[in-house]
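Please read the following note alongside the sequence and the model.

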Amino acid sequence: MALITAKITHGDYGITLTDITGNEMQIDIPVEQGGGGKGMRPMQTLLAALIGCSVVDIVSILKKQKQSFTSLHVDVDGVREEGKEPSLWQQISLNFHFEGDVDLGKAQRAVDLSITKYCSVAETLRRAGAVIECKVFVS
């Protein structure tokens, strides 16, 4: 059985992806490009995968360090190559915002370990030429 199946389910470009356990994700392109705008753009899903991969690592590392946080949210932004097809991510900026009883140094170390050592998505993007920058905030 396939790990993921994709089927056009809305308009010309709207795709529903279903994984082996039945989880679904919607991908589409913006209305101004001929799509329905009813899902993430394909290149956005790479950034979403980067966040997902790193957050799993970070939570695991901080649990081992007995750090307690009540909230974590991540903002991501990126710049793609201009005038090229395909247009790859050149620069990716991640801002990790922790709330709770978390030592800033330990949170920074967990983020660094994820992005530079453990996260396969980060390494994939780096090998494609992306520069990934991270900032950590604790409140």
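1. Among contacts (heavy atoms within 4.5 Å) in the chain with a separation of 6 or more, 47% join residues 24 or more positions apart. The model is a predicted one: local features need pLDDT of at least 70, side-chain atom pairs count only at pLDDT 80 or more, and totals for chains, interfaces and linings use all residues. Residues are numbered from 1 along each chain as its sequence is written, and side-chain values use heavy atoms, with hydrogens and water left out.

2. Three helices and six strands make up the secondary structure of the chain, in the order β-β-β-α-β-β-α-α-β. Both are DSSP runs, helices (H or I) of at least four residues and strands (E) of at least two, numbered from the N terminus.

3. Of the 139 residues, 29% are buried, that is, under 20% relative accessible area with a 1.4 Å probe, protein chains only. The C-alpha atoms fill a box of roughly 50 × 40 × 30 Å along the principal axes.

4. Helix H2, residues 104-118, spans 20 Å from its first C-alpha to its last, close to the 21 Å expected at 1.5 Å a residue; the expected span is 1.5 Å times one less than the number of residues.

5. Which residues of H2 are buried? They are Ala107, Ala110, Val111, Leu113, Ser114 and Ile115. Their cover includes helix H1 (42-64), strand E5 (89-101), helix H3 (120-127) and strand E6 (131-138).

Terms used
Buried means under 20% relative accessible area, exposed over 50%, partly exposed in between (1.4 Å probe, protein chains only).
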